[in-house]
Amino acid sequence: MNSKRLLILVLSIPAVALAGFKLPSKIFEVGDLEKAQVEAAAKGKPIAFLFSNKDSTCPLCSDASSTMIRELGSKTVMVYVRNVTGLPQSVIKALTPGQYIPKIAVLDDRLETTLGTVTYEAVKSDSRAAFREVEKAIRDYKKAE
């Protein structure tokens, strides 16, 4: 291996190692879904299901996940989901759009009504526009409570 290739390899290792993201402490794990529902009902907020992989080595996935947390984290009670196995059918259906992770689905606190979905593809295309409709649905949800 020549020295130029070795240098490129060494320089690329930190980028891969740093690609994951850290979940803020306010985000529930899927095992605590009932607690999240209680908190959502008490605060009059919908529940956002962030379907992602916090250990991903893909910086695009990590950046989009962080954007989703930043945009919707304070407006919802957020639940981190790594796979859809065992989730209520309404949540699985809401997480269907989009081909790639991350994606986020926002539902009412009873998990009966989907308020909106934001996909990786939409964030990549136009981050601001990706959240516009779901943020409007969240505002309307809070008014109705």
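The model is a predicted one, in which local features require pLDDT of at least 70 and side-chain atom pairs are counted only at pLDDT 80 or more, while totals for chains, interfaces and linings use all residues. Residues are numbered from 1 along each chain as its sequence is written, and side-chain values rest on heavy atoms, with hydrogens and water left out.

The secondary structure of the protein chain comprises six helices and five strands, where helices (H or I, at least four residues) and strands (E, at least two) are DSSP runs numbered from the N terminus. Along the sequence these elements follow the pattern α-β-α-β-α-β-α-β-β-α-α. Of the 145 residues, 41% count as buried, a term that denotes under 20% relative accessible area, with exposed meaning over 50% and partly exposed in between (1.4 Å probe, protein chains only). Among contacts with a separation of 6 or more, 69% are accounted for by residues 24 or more positions apart, contact being defined as heavy atoms within 4.5 Å.

The five strands form an open sheet of mixed pairing in the order E1-E3-E2-E4-E5, two strands being paired if DSSP finds at least two bridges between them. Strand E1 (28-29) and E5 are the edge strands, each pairing on one side only. E1 runs parallel to E3 and is joined to it by two bridges, with Val79 of E3 as the bridge partner of Phe28. E2 and E3 are likewise paired in the parallel sense, over five bridges; here Val79 of E3 is the bridge partner of Phe49, and Phe51 stands opposite Val81 in E3. Strand E3 is mostly covered, five of its five residues being buried. Val77, Val79 and Val81 point one way from this strand, whereas Met78 and Tyr80 point the other way.

Helix H3 (residues 59-72) has 14 residues and should span 20 Å at 1.5 Å a residue, which agrees with the 20 Å between its end C-alpha atoms; the expected span is taken as 1.5 Å times one less than the number of residues. H3 lies across E2, E3, E4 and E5 and runs at about 25° to E4, where axes are lines fitted to C-alpha atoms, for helices over the stretch in contact, and angles run from 0 to 180 degrees between N-to-C directions. H6 also packs on the sheet, where it touches E4 and E5, and its direction makes about 160° with that of E5. The buried residues of H3 are Cys61, Ser62, Ala64, Ser65, Thr67, Met68, Ile69, Glu71 and Leu72. Their cover includes strands E2 (47-51), E3 (77-81), E4 (103-107) and E5 (114-119), together with helices H5 (120-125) and H6 (127-144).

Not counting residues up to four places away in sequence, Cys61 touches Ser52, Asn53, Ser56, Ile101 and Pro102. The C-alpha atoms of Cys61 and Tyr120 are separated by 7.7 Å, although these residues are 59 residues apart along the chain. Thr67, also found in helix H3, counts as buried because its relative accessibility is 12%. With neighbours within four places in sequence left aside, Thr67 is in contact with Val123, Ser127 and Phe131.

The axes of H3 and H6 come within 11 Å and cross at roughly 35°. On the H3 side the contact is made by Thr67, Met68, Glu71 and Leu72, and on the H6 side by Ser127, Arg128, Phe131, Val134, Glu135 and Ile138.

The largest nonpolar core has 20 residues, and those with the most contacts inside it are Leu72, Met78, Ile104, Val118 and Phe131; such a core is a set of buried Ala, Val, Leu, Ile, Met, Phe, Trp, Tyr and Cys residues joined through side-chain atoms within 4.5 Å. E2, H3, E3, E4, H5 and H6 are the elements that give two or more residues to this core. Apart from it lies another core, of 17 residues, among them Phe49, Val77, Leu87 and Ala105. Leaving aside neighbours within four places in sequence, the contacts of Ile104 include Ala48, Phe49, Leu50, Met68, Leu72, Met78 and Val118.
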